[in-house]
Amino acid sequence: MDDEALMYLKEVGLSKYEACAYLCLLRRGVSTAQEVSDGADIPQPRVYDALDELSEKGFVDVQPGRPKMFGPVDPEPAIERFCEFKRRQFDEELAGIRRLGAQFADEVEGDSTPPERSEICWTYSNRHHILDKLAELTAAARSEIRMVTTPLSFKHILNHHVEALTRAAEDGTTIQAIVSEEGTIPSTVYDRAEEIMDIRRVENIEGRIYLYDNAHVLVAFAASDDDGYVGISTTSDTLYKTKSQLFELLWADGRVATGRSHDDTPLIEEDTV
């Protein structure tokens, strides 16, 4: 019985000497430290530490006097007291972490050369996964969305994400799209897009680049598999700046599209992003 009870008390969080001292008190009742030392076979220099710890944790009540007496708390209220002790201990540790965290933030706040934001590149192996990632990035955008894409991809993006793009535009996000002239845009798609973004047309774009909030880059390109496209997304200051410079050059050279500049010829339905 004692062996099993000892195991439970150690699992709860008591040391071996603490558990032995508490079990001894439960058997003997109120006792002196010397009696606990003898009854639990605990070295005398260690028994006082064990009883003091049990008192702090809620398992023992102390009766002052000469000699000092120690009385066991019944198991159920003892465990409740111990839970309160652990809760206080946790709150103190959490407060210490917050305090140290605030000091750390103050220490590094003045750093004039913060490290480049970077995350592992994620690869998306088909059009549906790429469209899902574009939807996620569109929903998270707060300042700008820039697209360099083809008419077919533009059509798919508008068909899948028009509501998210509209919400982003209504919330103040600047949306710009550079679309290749090597293809047509249906008037229904173009007219809806024109309400929420600025559009320019340029010659001969084959790749697709999507930029979000000065941070995130997604590049999609043709691949030799059944679906036809691979997407790679990452967060990188350097890559974002490079792609933004390319975007600005294309934007400056692009033709401002108007409501009459598109062709209403139906598009060939094919897998693209």
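Angles of 65 to 115 degrees between axes count as roughly perpendicular, a cut-off that the first view relies on.

**View 1. Helices α2 and α3 of the predicted model, where they cross**. In this predicted model, the axes of α2 and α3 come within 9 Å and cross at roughly 105 degrees, and the two helices are therefore roughly perpendicular to each other. On the side of α2 the contact is made by Cys20, Ala21, Cys24, Leu25, Arg27 and Arg28, which meet Glu35, Val36, Gly39 and Ala40 of α3. Sorted by class, the residues of this contact are six nonpolar, one polar and three charged.

**View 2. The open sheet formed by β1, β2 and β3**. Three strands are arranged in the order β1-β3-β2, with antiparallel pairing, and together they form an open sheet. The edge strands are β1, residues 31–32, and β2, each of which pairs on one side only. Between β1 and β3 the antiparallel pairing extends over two bridges, and Ser31 stands opposite Phe70 in β3. Helix α2, made up of residues 16–28, lies across β1, β2 and β3 and runs at about 85 degrees to β3.

**View 3. The cis peptide bond between Arg66 and Pro67**. Most peptide bonds are trans. Arg66 and Pro67, by contrast, are joined by a cis peptide bond, with omega at about 0 degrees. Pro67 is found in the loop that runs between β2, residues 60–63, and β3, residues 69–72.

**View 4. Asp41 and Asn214, two loop residues with positive phi**. Most residues other than glycine have a negative phi. Asp41 is exposed, with a relative accessible area of 68%. Asn214 likewise has a positive phi, near 55 degrees, in the loop between β8, residues 208–212, and β9, residues 216–222. With a relative accessible area of 43%, Asn214 is partly exposed.

**View 5. The buried face of helix α8**. In helix α8, which spans residues 187–194, the buried residues are Ser187, Val189, Tyr190 and Ala193. Seen down the axis of α8, these buried residues fall within an arc of 160 degrees, so they line one face of the helix. An α-helix has 3.6 residues a turn, so residues three or four places apart point the same way. Among the elements that cover the buried residues of α8 are α7, residues 151–170, and β7, residues 198–202.

**View 6. The protein chain as a whole, for orientation**. The protein chain has nine helices and eleven strands, and of its 273 residues 42% count as buried. Of the contacts in the protein chain with a separation of 6 or more, 68% are accounted for by residues 24 or more positions apart.

Notes
Residues are numbered from 1 along each chain as its sequence is written. This is a predicted model: local features need pLDDT of at least 70, side-chain atom pairs count only at pLDDT 80 or more; totals for chains, interfaces and linings use all residues. Side-chain values use heavy atoms; hydrogens and water are left out. Helices (H or I, at least four residues) and strands (E, at least two) are DSSP runs, numbered from the N terminus. Buried means under 20% relative accessible area, exposed over 50%, partly exposed in between (1.4 Å probe, protein chains only). Two strands pair if DSSP finds at least two bridges between them. Contact means heavy atoms within 4.5 Å. Axes are lines fitted to C-alpha atoms, for helices over the stretch in contact, and angles run from 0 to 180 degrees between N-to-C directions. The arc is that of the directions from the helix axis to the C-beta atoms. Angles under 35 degrees count as roughly parallel, over 145 as roughly antiparallel, 65 to 115 as roughly perpendicular and the rest as oblique. Ala, Val, Leu, Ile, Met, Phe, Trp, Tyr, Cys and Pro count as nonpolar, Asp, Glu, Lys and Arg as charged, and the others, Gly among them, as polar.
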